[in-house]
Amino acid sequence: MRIVVKRIMGVTALACAGLLTATACSGGSGSGGSGNGPVTVTVMTWESADTNAAIKKALADFKDDNIKVDLLESPSGQYGDKLASLTQAKKLPDLFWCGNDTEQQYTSQGLLVDWADKIKNGDGDFNADKFVPSAMDNWKTADGQMGGLPSLMNTYGVWYNADAFTAAGLPLPKAGWTWDEMYADAAKLANKNGAKYGLVADQLTSADGPFTMSMYSVSAGGAPFTDNVNHPTKAEADDKYTEGVTKLAAAIKNGSVAPPGYDASNVQSLFAAGKVPMTFGGQWLAAGFQTDKPKIKYGFAPFPQVQTPTTLYDSVGICTPQYTKDQDATFKVLEYINTKVWDAVLPASPVAPPAYTPAQASYFDALTKAQQSTVVDTVKADLAAEKTVGVRFTTQWASQVGDLTTANYQPILSGKKPITDLPAYIDKINGLIKQGS
């Protein structure tokens with residue numbers, strides 16, 4: 001299980017993002033009502049069969065004589081395709097797993113119920129103050145609407161082969177290490193024990209790379225790549241950002257870091273086999289490593305810093321279509337999922353920390369029990385980081401950024417274009433932002 005992050009950047013099963021889709025019954029979402037027996041609230045996830053079974057078992061303990069919860073089978077194919085077809089047919093479930101970008105786009109189109117006031121003025125402990133602040137902020141549209149609620153957090157860092165570090169006489173990565181130290185370690189670990197590169201970091205060299213480099217700039221006291229991933233007004237590459245890109249390009253040139261275009265599709269298995277000393281990734285990999293034991297001793301460290309601790313943030317959540325038949329009933333189930341279901345599901349597969357902070361204890365307890373202490377420490381450090389930057393644009397035109405990045409930014413990293421071409425790339429991004437707005 002993991003939070004979907006690849007183009008809905010988020011975790012797959014159980015997150016990599018989290019998408020709750022409101023699926024419809026009888027031509028619309030939900031069924032039943034007063035005079036017709038209990039209201040049926042439908043739920044659709046992108047989880048695996050095993051995870052769905054755990055969710056279904058937890059939902060069976062939901063007690064309300066007026067509400068029946070129906071967990072739908074996860075789509076057998078691509079979740080995004082299923083979501084698009086249900087949206088077109090106006091048959092979304094009452095609650096469906098969704099990524100932040102889907103929530104932003106659907107909300108701006110008026111397709112989702114706005115829960116902003118409901119959660120702001122929530123009763124008891126289920127209110128906005130109990131959620132991770134960065135997740136809540138990022139789920140708001142420019143006018144303050146929230147077409148869903150964040151459910152699971154994606155945190156990121158550096159997975160490292162502790163055996164390789166020890167053999168090379170290097171100290172293990174930990175909170176507070178620097179970018180210069182990371183690149184120096186990568187240089188010493190490259191071309192050893194079957195590893196070609198010391199660091200394979202698709203997040204640095206792919207379409208999302210420009211956002212990842214925001215961490216260097218912001219940590220050094222500079223500006224991020226963009227002022228807002230949801231509703232940006234500009235992109236920029238100031239002196240600190242340019243400094244970070246220059247150092248990355250140098251590390252790629254000397255063979256320490258894998259270049260743009262490197263096939264990172266099997267990096268997880270290569271890491272587990274000891275063939276990749278360091279790789280960027282999310283906390284969700286811990287759940288997989290507990291099941292498929294790597295042949296190495298490994299750890300998970302926060303991203304390096306220049307001065308101020310800075311990290312990436314992302315979350316997945318649960319959304320509700322405007323045509324849900326009973327908003328109050330749907331919200332009760334939504335509250336139950338966030339406050340109770342994760343407590344029952346995450347201990348068996350600790351894929352991600354809940355955005356609802358009172359529910360995080362079961363996640364951290366499971367990792368501690370599994371002796372994943374570096375994962376616990378790094379996730380907690382990420383959630384408490386002083387500065388955060390978004391992982392990608394969530395706008396409808398976001399896919400076009402990838403084309404510009406491939407043509408203009410990646411050649412700078414690989415040395416095919418000079419660093420002085422960086423402003424021209426930024427100008428193209430700003431042109432896209434202007435056109436999109």
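This is a predicted model: local features need pLDDT of at least 70, side-chain atom pairs count only at pLDDT 80 or more; totals for chains, interfaces and linings use all residues.
Are D314 and R392 buried or exposed? I looked this up first, and both D314 and R392 come out buried.

**Entry: the D314–R392 pair**

I then checked where the two partners sit. D314 belongs to strand β15 (residues 310–319), while R392 lies in the loop between β16 (387–390) and α17 (398–413), and the two are 78 residues apart. R392 has another partner as well: D101, at 3.5 Å between the closest N and O atoms. I noted D101, D314 and R392 as a linked network of salt bridges.

**Entry: the domains**

Domain 1 takes 39–153 + 315–382, and domain 2 takes 156–313 + 388–436. Their centres, over C-alpha atoms, are 28 Å apart. I found 27 residues of domain 1 in contact with 23 residues of domain 2. The two domains bury about 1900 Å² between them, and 51% of that is on carbon and sulfur atoms.

What about polar links across the boundary? I get 11 residue pairs in polar contact between domain 1 and domain 2. On the domain 1 side, the elements giving two or more residues are α3 (100–108), α5 (133–138), α15 (360–369) and α16 (373–383). The largest share, six residues, comes from α16. By class I wrote down 12 nonpolar, 12 polar and three charged residues for that side. As for salt bridges between the domains, the count is one.

**Entry: other salt bridges**

The total I have for the structure is six salt bridges. Among them is D64 with K332, at 3.6 Å from N to O. This pair ties together distant parts of the chain: D64 is in the loop between α1 (49–59) and β8 (67–71), K332 is in helix α14 (residues 327–345), and 268 residues separate them. D64 counts as partly exposed because its relative accessibility is 22%. K332 is partly exposed too, at 44%.

I also looked at K247 and D180, whose side chains meet at 3.0 Å, N to O. K247 is in helix α11 (residues 239–253) and D180 in helix α7 (residues 179–189), 67 residues apart. With 27% relative accessibility, K247 goes down as partly exposed. D180, at 45%, is also partly exposed.

Methods
Residues are numbered from 1 along each chain as its sequence is written. Side-chain values use heavy atoms; hydrogens and water are left out. Domain bounds come from an automatic or database domain assignment. Contact means heavy atoms within 4.5 Å. Buried area is the accessible area (1.4 Å probe) that two parts lose on being put together, summed over both. A salt bridge is a side-chain nitrogen of Lys or Arg within 4 Å of a carboxyl oxygen of Asp or Glu. A polar contact is a pair of N or O atoms within 3.5 Å; within protein, one must be able to donate a hydrogen and the other to accept it, and residues adjacent in sequence count only if both atoms are side-chain atoms. Helices (H or I, at least four residues) and strands (E, at least two) are DSSP runs, numbered from the N terminus. Ala, Val, Leu, Ile, Met, Phe, Trp, Tyr, Cys and Pro count as nonpolar, Asp, Glu, Lys and Arg as charged, and the others, Gly among them, as polar. Buried means under 20% relative accessible area, exposed over 50%, partly exposed in between (1.4 Å probe, protein chains only).
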